[in-house]
Amino acid sequence: MDNAGVTAGVNPASSRHLSTNLGRRMKVVVAPNAFKGTLSAAEAAAAIARGVREVFPDAEVIEVPVADGGDGTVDALVSANRGEYRRAEVEGPLGDPLSARYGLIESGLIAVVELATASGLTLIPQSRRDPRTTSTFGFGQLLEAARREGATTIIAGIGGSATNDGGAGMALALGYRLLDTAGLDLRRGGAALSRLERIDSSGFDRAWQSVSVKVACDVTNPLTGPQGASAVYGPQKGADADAVRELDAALGRLAEVIERDLGKRVADIPGAGAAGGTGAGLVAFLDADLVPGARLVVDAAGLDAALRAADLVITGEGRVDEQTAYGKAPGEVARRAHAAGVPVLLLAGSKGAGWEALSALGVTSVVTVTEEGVNLQQALNEPERMLERAAVVACRTHPWTRK
């Protein structure tokens, strides 16, 4: 198995931390991201934990699945906090009925939702993708269902959208009206926003004022312009060059009316362009906070509490590269463990360019699932067993865990 030790950036305090705790039961925190396409974060954590127990049968192993705010956020936080799932009947991005899952944690006080479950790109066949007509209406219905459960905080992951409507559909589901010059309601979809004249908030339920909405946002794109929602993400949702220009202008109009009617300047907020401008819409219509996704989710997963008196942290994801260190959940896990003086191992399906950047975060070794004699197809066919094996190798070969 490929066992690549990262020697740069090793924290001497971490080594002392292990050696001074050998007289008590070893504590290992297992906090992986999902291995996309193969294992959820919770499944990955369970597989790694089995490998740890094979090497350290008496160890206390704490499983803390994590995510970045995109796909898998609900599963990770429900698993990490022993929460529960709920379902809401909503409309998909083209109005088709569907059942969307969300989570409740902290005795129902915190709800966790993902835009992609209600308004996601994967919900539409490629032949029907058109961000001029897709809507976040179902995402608004999902948010409303979470609020009505009694949640006082909602954590929203907004990756993977099929939409480019600036959260306008969401606003409609929450009771806002978007009106044209004749006082008529606009059709759903991003293109219709070019005719927006006025936002009527009289039907918005003021009970939302007692709900804190925190958005896991892992991009910094503004709402409009060359780096905005339409130009950067529109093409992958089905927009050609003409549609990109049309949608960009429509979002610009939305921002103008939001500033005039709601008193909020959203166009230039970093992250406003996330999810086809839903980042801007969440700020405008729900007074939400846009927070780096990994930081928000790792906080909510309870990692900091789990790190207390820990001897070792194991994190990981499907492919580790430079982005893992900058904005991904495993990088956030490593950063916090390093600050707490706890050594970190990282397990990955494969390594890409720039993975060495993790050394600066205190990652002391990276172990990949594949090895000589284990090809990628075998790893994909038996991901849990291969990850468990990688955890065994990592624990046996790590210099601070050898006896």
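1. Let's start where two helices touch: L251, I258 and L262 in α8 meet G276, A284 and F285 in α9, where contact means heavy atoms within 4.5 Å. Those contact residues split into five nonpolar, one polar and no charged. (Ala, Val, Leu, Ile, Met, Phe, Trp, Tyr, Cys and Pro count as nonpolar, Asp, Glu, Lys and Arg as charged, and the others, Gly among them, as polar.)

2. A word on the source: this is a predicted model, in which local features need pLDDT of at least 70 and side-chain atom pairs count only at pLDDT 80 or more, while totals for chains, interfaces and linings use all residues. Residues are numbered from 1 along each chain as its sequence is written, and side-chain values use heavy atoms, leaving out hydrogens and water.

3. How do α8 and α9 sit together? The axes of α8 (residues 241–262) and α9 (residues 274–286) come within 11 Å and cross at roughly 5°. Axes here are lines fitted to C-alpha atoms, for helices over the stretch in contact, and angles run from 0 to 180 degrees between N-to-C directions. α8 and α9 are therefore roughly parallel to each other, a label for angles under 35 degrees.

4. Now try another helix pair: α3 (residues 73–80) and α10 (residues 293–301) pack at about 25°, with their axes 9 Å apart. That makes α3 roughly parallel to α10. T73, L77 and A80 of α3 and V297, A300 and A301 of α10 make the contact, with five nonpolar, one polar and no charged residues.

5. Next, follow the open sheet of six strands, ordered β4-β5-β6-β7-β10-β11 with mixed pairing. At its edges, β4 (84–91) and β11 (289–292) each pair on one side only. Two strands pair if DSSP finds at least two bridges between them; helices (H or I, at least four residues) and strands (E, at least two) are DSSP runs, numbered from the N terminus.

6. Which residue in β5 is the bridge partner of Y85? Look for G103.

7. (On a 1 Å grid over the protein atoms alone, a cavity is a set of points where a 1.4 Å probe fits but cannot get out; lining residues have an atom within 4 Å of a point. Grid points are joined across faces, edges and corners, and a volume is the space filled by probe spheres set on the points.) Among the lining residues are L172, L186 and R187. Helix α6 (residues 168–173) gives the largest share of the lining, three residues. By class, the lining has five nonpolar, two polar and two charged residues.

Technical notes:
1 Å grid on protein atoms, 1.4 Å probe; cavity = no way out; pocket = protein on both sides within 12 Å on 5 of 7 lines; lining within 4 Å. Parallel < 35°, antiparallel > 145°, perpendicular 65-115°, else oblique.
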